[in-house]
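Student: I am new to this structure; could you show me how to read it step by step?

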Amino acid sequence: MGIGHTLWGEGRGSTLKRLTLIALLAAPTGLVGAFSLPPLDRDESRFAQASAQMLETGDFVTIRFQEEERNKKPAGAYWLQSASVAIFSDPEAREIWAYRLPSVLGAILAAVFAYCAIARLFDPRTGFIAAVLLGSAPLFSGEAMIAKTDMLLLAAVTGAAAAMAHLLSAARDNLRENLLLALAFWVAIGAGILIKGPIILLVIVPAAAMIAIRFPHTKPRLSLRPLVGVGVLLLMIGPWAIAINAATDGRFFEEALGADMFAKLGAAQESHAGPPGYHILLAPILAFPLIALMPAGLYAAFKSRRDFGSWFLLSWLIPGWVVFELTATKLPHYVLPMYPALAGIAAVAVFDAQLAPRVLWRAGAVIFFVAGLIMTVAIVLLPFTFSASNSTALNIASAMVLVVMTTTAAVFFWRQEPLKGAALSIVTSLSAVAVLIVGVLPTLTPLAVAPQVAAALDQADLHPLHDGAAPAALAGFYEPSAVFLLGTGTRLGDGAQAADTLLDDGGAAIVEARERTAFDARLTLRGGRAELIAEIKGFNYSKGDHVILSIFRPAEKDARF
């Protein structure tokens with residue numbers, strides 16, 4: 001019995017094997033990155049620090065970064081991160097991998113749910129290819145290793161879409177409605193809201209509306225059991241919503257909906273702007289293994305839009321994508337909730353090269369080839385740009401192998417052999433991501449400024465969390481990763497305030513070059529002295545600035561410990 005028969009068979013054992021293989025393919029890049037990369041600025045470290053503070057204070061209602069309320073996203077992701085740290089680590093250790101494990105789990109669930117949705121809409125082999133294409137996309141892999149909300153949101157969106165696909169397909173086929181599936185749909189919606197607010201509704205509600213318009217006999221308003229949904233959402237969200245509203249005197253919802261969500265629609269926040277088409281321009285890199293199939297796949301999906309499966313995927317893809325293209329604030333991961341639909345559209349094209357004209361296959365092959373070359377060049381050039389060491393021979397050899405793989409896959413697509421091309425493109429994308437995670441990113445030490453600071457304090461027995469030292473003071477370098485690694489009590493201020501902390505409390509002072517004059521002046525004014533124990537040169541990628549940090553401890557006669 002061949003593997004094809006084993007995977008594509010209809011028995012429960014075949015389904016279990018497919019789901020297991022999908023999970024095994026979705027997990028590794030997230031796990032490798034979770035353990036190999038330092039805490040990232042800025043959102044990841046903000047999430048991790050707030051989760052650590054929940055464990056430190058026992059307050060799992062209010063979300064804070066140090067003393068500041070973080071009224072942006074609901075508490076779902078923070079709860080999951082806190083639970084992961086409580087089980088696998090502890091808040092004092094500040095081991096970022098423990099905060100990232102929920103995202104890895106989200107990646108596994110998202111890939112599995114993608115299979116469940118697309119296998120129901122089409123067939124098991126299409127569902128399997130779609131799930132593997134999704135799991136090998138660089139954007140998917142990148143978000144799987146970061147302690148934020150986005151991979152968890154993807155799991156919730158894909159879970160809701162999978163339940164909806166089963167419910168509406170059953171209604172279309174005049175089968176008995178499944179109350180458990182309806183409950184699962186609303187639990188996924190509730191989880192999505194607890195993780196990232198109403199974003200899940202921007203994807204699911206328009207999709208359901210478009211399906212209802214073209215396929216009214218699927219009866220979405222009845223099949224999805226909205227009255228059941230109201231009860232589920234009230235039970236899931238109500239208690240925390242009431243508690244956070246009381247704890248913040250209403251500030252949470254005012255700031256989360258007004259200052260955060262709706263403000264992003266009309267104006268670019270934190271310099272994250274981009275024109276309409278921004279996400280389409282990034283897709284060749286971020287959706288790399290899918291991109292060769294997209295011209296043919298989208299053509300075939302529009303051509304067969306009268307088929308329920310194709311219309312379902314288009315309804316999942318188009319409204320949400322348009323919303324995020326028109327939103328003023330843009331970040332690459334905003335369109336991730338639509339990637340399973342893209343993967344499904346691509347997977348349909350894998351099994352029938354005649355679905356689209358040859359010119360579209362060749363266009364996809366060219367786009368894929370160019371995107372692959374860009375990724376390969378990045379593997380070679382990143383160490384030259386951001387590291388004191390140049391690309392290693394292994395990195396260069398890996399890049400050359402990737403060029404060969406990319407070229408070969410592009411030739412398969414050019415010849416309209418999409419199954420061979422898809423198989424090789426999946427391997428190529430996973431290999432490229434692995435080289436970046438294992439061979440390139442860990443070598444970019446100038447980017448890891450905060451970890452170098454933490455290591456220097458460890459070596460000097462001055463780390464507030466590990467050595468029992470007084471809280472450190474940061475002057476001129478205020479990145480959340482430093483607060484996360486050095487502890488909640490870290491003092492943020494200017495050079496003069498850092499000098500006061502050093503002299504009064506005995507804590508280390510980490511002073512950026514632009515604050516050095518103020519630091520020295522305050523020491524002189526107070527007649528104090530400081531001992532330089534380390535100097536760190538790096539690049540603050542959040543601001544695009546080179547930084548020089550001087551780390552001081554009190555001179556022996558001024559020490560207070």
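This is a predicted model: local features need pLDDT of at least 70, side-chain atom pairs count only at pLDDT 80 or more; totals for chains, interfaces and linings use all residues.

Tutor: Residues are numbered from 1 along each chain as its sequence is written, and side-chain values use heavy atoms, with hydrogens and water left out.

Student: How many helices and strands does the protein have?

Tutor: Helices (H or I, at least four residues) and strands (E, at least two) are DSSP runs, numbered from the N terminus. Here the protein has 25 helices and seven strands.

Student: What share of the residues counts as buried?

Tutor: Buried means under 20% relative accessible area, with a 1.4 Å probe and protein chains only. Of the 561 residues in this protein, 55% are buried by that rule.

Student: In what order do the strands of the open sheet lie?

Tutor: Two strands pair if DSSP finds at least two bridges between them. Five strands make up this open sheet, in the order β4-β3-β5-β7-β6, with mixed pairing. Because β4 (491-493) and β6 (530-540) are at the edges and each has a single partner strand, one side of each is left without a neighbour in the sheet.

Student: How do β5 and β7 pair?

Tutor: Strand β5 (residues 509-512) pairs with strand β7 (residues 545-554) in the antiparallel sense, over four bridges, and Ile510 has Ile551 in β7 as its bridge partner.

Student: Which helix packs on the sheet?

Tutor: Contact means heavy atoms within 4.5 Å. Helix α25 (residues 516-526) packs there, touching β5, β6 and β7.

Technical notes. Axes are lines fitted to C-alpha atoms, for helices over the stretch in contact, and angles run from 0 to 180 degrees between N-to-C directions. Buried means under 20% relative accessible area, exposed over 50%, partly exposed in between (1.4 Å probe, protein chains only).
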